[in-house]
Structures are given as structure tokens and as C-alpha cells.
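My notebook is open, and today I am looking things up one at a time. Come along and check each entry against the picture.

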Amino acid sequence: MTDEARTDYRLPKTVVPSAYRLRIEPDLEALTFAGTVEIDVEIGSATSEIVLNAIELDVGQGHVALPDGELRVAELSFDPERERMTMALDRELDAGPAVLVLRFAGILNDRLVGFYRSTFTDADGRERTIATSQLALTEARRVFPCFDEPACKATFSVTMVVPDGLPAYSNSPIDSETLLADGRREVTFKTTMTMSSYLVALVVGPLEATEVVDVDGVPLSVVCTPGKAHLARFALEIGAFSLRFFSDYFDIAYPGEKLDLVGVPDFAYGAMENVGCIIFRETLLLVDEASASRGELERVAAVVAHEVAHQWFGNLVTMEWWEGFWLNEAFATFLMYLCVDAFRPGWRTWDRFSEQRELGLAIDGLHTTRPIEFEVRSPAEATAMADAITYQKGGSVLRMLEQYLGPETYRDAIRTYLRTHAYANTVTADLWAALESGSGQPVGEIMDTWIHQGGHPVVSVSGGAISQKPFMFSPPDGPSAIGSHWLVPVLSRPIGSTVLTRQLLGDAPQPLSIEGPAVVNAGGTGVYRTSYGSSELAVIAGSLGSLTDLELTGLLGDTWALAQAGERSIGDLLTLASGLGTRIEPSAWRVVELALSFLSRVVDDQQRPVLAARACRLLAPAFAHLGWEEADGDDERAQQVRAVLIRSLGTVGQDEAVRAESVRRFEAGALDGDLADAIVSVVASLDRPGDRDEMIRRYRDARDPQTEQRYQVGIVSIADADLAAQTFRELFDLFRTADAPYLLATLVSNRVGGRSAWEQLAATWDETLAKVPPLMQFTLGAGIPGFVGDPAFAERVADFHRTHPVETGQSRIDQAIERMLTGARFAARERPLLDATLT
Ligand SMILES: [Zn+2]
């Protein structure tokens, strides 16, 4: 990129901020806000204009305060395209310190960005309003004029003027509170650490806080809407654990003075790591431990740990510019698994991480994938980074590197990196440099091949040698983002031994460093597919019992991916899956479930009973062993395997007994715990009269966010074309703005009803698009990959989405289109063979 292109979106560096004094007065009735900001800046060289970011703000004239007087702003001009404003001054300013003083006003919007409103109905049936903020990636400029780039770090002294009686929260503890003559309260917060503008938080509304927990001197509490504080205990526990875990892992004390975990009813992302004031979507913070499933608790634990990890990795040390966004997120993803694994070792969190790896690789085998890191010009390009390539593939690549270098070496290098760059900014190469000097390995050279090109390799194992080629679900028929070769950190071990050997596989085939039968991708953390030759595969298949859970899940996942690519047969997968027997490994069973569910979209009506019978033969032995009821001495993960088996047997397997028991339990009333989601799925697949109304009733009566979500998903999963169309029409009345777009994607992915829902979407495109906040627009195409049964329909869907691009996130829709078309080709190719394969 040229320097000129950079200046399109980057602020000139002649004026550098060091401190903000921000006073902001939200009006929760008029749904507006007004304020003043004073910014201490250093003028690097004489200038007669100052450029900063502002958008959708009404900014008053302002002035510049100098040590010897005041300078008026002659003219303010705005550039909405580049989201900037220019202050033209009366005369030239000399180099040196100055203070910019500006008044501004804006609207508390309902688009879930900037300073926005979130509403809920209280216990008395009154609608209440919260004003809350989401300033990432570049939305601080919607709230106050600022130097809104991650490298422009400064301190923030925030004052909020709020209605008396409503609590206010920001990044720091409250310093002082004063009752004003007009009855409002002025709340002044302590000055923050030096930080980026996207991490500022502003929250005010009818909220309540839990009691404060003292975590080695750090006050921790959960803030939520009234009546929900009893759902906060688990978040406090994992919050406290994470604070201690990361202080220890990084060997640096928590950099803030307090930590609030705030749950708001309307939130676009999962959560946002604002310094000292993390804001969450309620489902990912508030949970009833007595009724939640393990998976729901794991998600809350993971998201809390992720956001707490950012307080160091991201907030204390921050990317220089948005191309570093992926590293920030991928690293927090890696760290959250590390933390949750320590929090509840019995959960076997790293085994579950293999499911995340599969999600990343499912996208990364497409020609429309992208390099993990690419040069980012505009903030919109950075927003496009918020996908599975960043979080799932990026996190997996960092885990692979950790396992290759060794966990202690890795941790020590991270400590050095954070200490060296505290309160400052970095580029990705700074991290590689720290890891390289800590390990003596060519980390930069290795990682360049993983970061700067899309795709990942297949490592073939044959005749004692290994070699690589790019993995792709289908041959390219146009431009492809899939790279050509990687420096692959290969871990392997002899079958029957746990001793790992390491080798770096380059372009040329090389002998495997082990003689005799070996497990390649030992430990299962490599971000590549392994393709064994037929004799090697036969040996592995004969010793599945000796594979670790992660290795087994990897083997199944790789075999399924290779089958989709036409390089293995579905029969190979089914043979390996039969070898699972009664093994308690949820992630391995999840691979089988996903494959069966995909096949259920491929088969025609005559083949459906054949598939059902095959599914039952695969799953029934394990289910016969486990049964419905938890038993004393059960493996901690047995419930999760039960859930997978029930869902698959009841839907794809059409197992009458499982269906009948699911219905019985559904009709008996409240469902909770690990099996609840599976039971709701089975019931939804049966399309019984009245179940939709019942699910709507249970969703509306829900007392915790997880129960709410369970029935939301149930409603959009009902296997009926007319009801799916009706649900589409009622979507934004039934569900909140923050939930409806995701549920729309699930509705479109409904095997039976998805097509009619999509037809409705296409017919009402402009109107529907207008209801979806920009950050979530990708969801309008996210549900289509399941349309594989009818190639002509798939082509029509593809044409429609290509000619109706969304503003933010079209790259993710392009990936969904390719997945759908690749799946449709797979279906056409395999369908004639399935009778033989399945019987
Ligand atoms: Zn994050």
C-alpha cells in the first residue's frame, strides 16, 4: 500500500493526544447526549489545522487553549466519508503543548454502536432505557471528537451527568459524586491508564450490581438489569479465577483499578473488553448454574476469560493498526482455553477446542478464504476480520506454535513481550521476535507462511515419508486465496508410545523422523489435515484405542474433510466412526453428528430411511451403553455424549424410542441441563401441532438467558415450511434486534423450512436489511450452506447474494456461497453412490 492510501484513513501524526477530559450528559428520555471534551495534545510541528475523527456528531466551534491564551477555531469542516473533522485555526500554531476544547451532541441510537440505547421491560411492566457504549472498532468517534486510532493512546478522565438514582459505570472507579442544582448527579471517574479510545466504556441506567468480590485487591462485580443478580455467581467465580490466572501467567498485576462485568439486554457482539468495564450480551454472562448445560457454562467461562485476557493482551499492549486485530483476538481465544482448562480440568477444554479448529478449517479450505493477516486500509476492512479465520483458525495456529515451541518457552516469551511493550503498541512481528529469541526457532519464517496466505496443507504420510500439498474442498475454477506451501511444525509419535518428535516440513518430501507405524499430528494440535496411505490408515484404524481424544477427533475430522474433497470415501469415515464404539469423547461424536447431519441434506426421500438405519447402527451401541439417565461414576463428559447421541438418533436416525422419550420429557415441562437442547431439537424436528406456540410461551416466560435462547433456537428449528415462513415474517417482533439476525441464519439453515424462509428473505431484502445492524449483516447469508440438495436452487441463491451484497461482512457471505456450491457438487457426486455406502 502506498503512503497516500494510508493517509486516506489515518490521521496526520503532527498532533498527538496524551489526555482526555470528557464530560458527557446522556438524556435517557429524549434519547440524546451532549458533552464537552478537552484533549491535551502535543503539536509536533507548526500547523494551522488539526484533524481528528468525528461522525454523526453535532460539534460546536471550539477553541485551542495555549499556555499563553486562547486560539479560536476559524472553521470546522467535516468529511463523513473518512469520518473526520478538520479544525482550521485563526493562525498557525507553534510546536508545543495545547488543549483542544470542543462541545458536541449526538443521538442515543438503536444500532448497537457508539453510545446507544438498550431497553427492557421491568418487573412492573414498564419499559426502561439503558444508555451503553460499544466503541470498537472505530466507534468512539460517534460519541466524542477524538484521535480514534489504536496507536493514539491517552488517559481518560470521564465525568457523566446522569439522572439521580441511576448508577453509572465507566473504565475506572468513581472518584466523586455531586448532586447538581437541577437534580441530576455528576459522577466523576478516576483517570484511566494510558489506553486506546476504542476501549472507553460509558453505561448508565436502571441497573444493579452484585456485592464486590475482592480479588487480591481488585474489586470485581457483575452489573445487570434488576432481578438478575442471582444469575451472576458463576461469572464472578470465573472472573476472579481469570484475574488471578492471567496475573500469574503474564507475571504482571492486573493493570486496572477495578473490574465490572456488565450484562446488557442489547449487544451486537458476544462481549467487549473495555478497560475495567467489560460489556456482555446477557447469555454469555448471566447463567443459572442449576439449570444450565455444561456447554452453556463453558461458553460463559470462555467468554469471561477471553475478555479478562484482553485486559493485558490488547488493552495493556495494543495493536498499532487494525491489521493487528486478528492477533489480538486469536491470542485472547488461545488464552481463554488455557484459562478455562485450568479452571475446570475435568471439562477437557482443549478437546473441545478441536471443534473450534474444525470451524476455522471448514472456511479455510475454500478458495474464498483469506490470509489471517492482510493490510488494512479502512476500518470497514478491519471489521471484516471478525470471522472464523481470525478467532478459530488464528487461535489454532497460536496453539500449534505453543505446542511446537513448548508451553513454558512460549509463556516466558509472552511475558517479555508484554513487559517490553506495556502501555504502548506493537505489530505482529514484535511477537514473533519475542518468541524467536526465547525459543531459538525460526518463528517469524514459520508464521509468515501461516499468516500471510490463506489455506492450510494436507500432510500425506506414506512409506515412511511425509509431504505436503494445499488442502481444498474443490479444485479452483477462478482466483483462489489458498496458498501453496507452508513451514509445517509436525509432531509425531510411534503408535504405543507417548514420546513426541518434532520436525519442520518444508516444500520437499522428507523422511518421517520415526520408523515404523506412527501417529502424525500427535497431540492433535496441528492446523493441517493428515492423509495416511492405505496401509498406514489400516494400522491406525486398528489401534484407535491408543489415540488420545484429540488425535481421534482430528483423525475423524480430517477423514470427513478429505471425503468432502473427494480424496477419501464416506465409507472410510463410517468405518472409523464404527470404531468409536462406546467411547466417551464428545468432540469425536460431534464430527460424526455433523457428517450425518450433512448427509441428511444430501440424500433423497428414498435414501432417507437407509441413512436413518445407518445412523442408528452407528450410534445405538453407545446410547444403549449410556442410556438416558446419569449414572454414578459417569465420566464428566458422558452427558455431552448423551446429548449428541439423542439429537442425532432422534433427528437423522428417526429413532422412535428416542423421539417418544424426547416428547415425553418436553411435555413434562421445564427442561434443563445438558440434554435440554437436544430434546428441543428432536421435538422441533417432529413438527407437531402446537409446539411452536408452546416454545414461544416458554421463551417469553424464561427466567434466565440460556432458557430464552434454547426456545428461540427451538422456534426457528421447527421442521415445517409454512411455520418457517411465518417465523420469518414475525422475526423482528418475536426477538430482540441483537438476537433476530442470528436466529434468521438458523432459520434459513433449517433443513425443512429453510427454503421458504430464504424465499421470504429474498422477497423482502431491502426491508429486512434495514432492520439488521451493520455488524450483523453477514447473518443474512450465513444460513445458506445447507442448500445442497438442489443444484439449481443453490445457483439461484448464489446469484441472489452476489447481486445483493451487504455493506459489512460480504466476504463471509461469499464464503457461505462457496460452501453451498461445493456442498451441492458433493451431493450430486455422492448421491448415486450412497445406497451402496450406507447399506
Ligand atoms: Zn476478543
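What spacing do the donors of the zinc ion follow along the chain? I looked it up and wrote down H-x3-H-x18-E. A reminder to myself before going further: this is a predicted model.

**Entry: the zinc ion**

I listed the protein donors of the zinc ion as His 306 (NE2), His 310 (NE2) and Glu 329 (OE). They lie 1.9 to 2.1 Å from the ion. Next I looked at where two of them sit: His 306 belongs to helix α3 (residues 294–310), and Glu 329 belongs to helix α4 (residues 325–343). These two are 23 residues apart, and the pair links distant parts of the chain. Are His 306 and Glu 329 buried or exposed? I found that both His 306 and Glu 329 are buried.

**Entry: the domains**

I noted how the protein is divided: domain 1 (1–204), domain 2 (207–312), domain 3 (319–454) and domain 4 (721–839). Then I picked domain 2 and domain 4 and looked up the separation of their centres, taken over C-alpha atoms, which is 34 Å. Their contact takes 6 residues from domain 2 and 6 residues from domain 4.

**Entry: two packed helices**

I learned that two packed helices are described by the angle between their axes and the distance between the axes. My pair was helix α14 (residues 586–602) and helix α27 (residues 810–838), which pack at about 85° with axes 9 Å apart. Angles of 65 to 115 degrees count as roughly perpendicular, so I wrote that α14 and α27 are roughly perpendicular to each other. Which residues meet there? From α14 I have Phe 598, Leu 599 and Val 602, and from α27 I have Gly 823, Phe 826, Ala 827, Arg 831 and Leu 834. Sorted by class, this contact has 6 nonpolar, 1 polar and 1 charged residues.

Leu 137 is in the loop between β10 (127–134) and β11 (155–163).

Then I turned to positive phi values. Leu 31 is not a glycine, yet its phi is positive, about 60°. I found Leu 31 in the loop between β1 (15–27) and β2 (32–43). Asn 521 also has a positive phi, near 60°, and is a residue other than glycine. Its loop runs between β29 (518–520) and β30 (529–532).

**Entry: two residues and their contacts**

I found Gly 96 in strand β8 (residues 96–107). Gly 96 has a relative accessible area of 12% and is therefore buried, since buried means under 20%. Not counting residues up to four places away in sequence, Gly 96 touches Val 41, Glu 42 and Ile 43. I also looked up Pro 67, which is 29 residues from Gly 96 in sequence and 9.4 Å from it in space, C-alpha to C-alpha.

Ser 396 counts as buried, at 3% relative accessibility. Apart from neighbours within four places in sequence, Ser 396 is in contact with Phe 353, Arg 357, Thr 525 and Val 527. Ser 396 and Glu 381 are 15 residues apart along the chain, and 22 Å separate their C-alpha atoms.

Technical notes:
Residues numbered from 1 in each chain as written. Predicted model: local features only at pLDDT ≥ 70, side-chain atom pairs only at ≥ 80, totals over all residues. Heavy atoms only, no water. Axes fitted to C-alpha atoms, helices over the stretch in contact; angles between N-to-C directions. Helix = DSSP H or I, 4+ residues; strand = E, 2+ residues; numbered from the N terminus. Parallel < 35°, antiparallel > 145°, perpendicular 65-115°, else oblique. Contact = heavy atoms within 4.5 Å. Nonpolar A, V, L, I, M, F, W, Y, C, P; charged D, E, K, R; others polar. Donors = N, O, S within 2.8 Å, 3.2 Å for Na, K, Ca; no water. Buried < 20%, exposed > 50% of the residue type's maximum accessible area, 1.4 Å probe, protein only. Domains from an automatic or database assignment.
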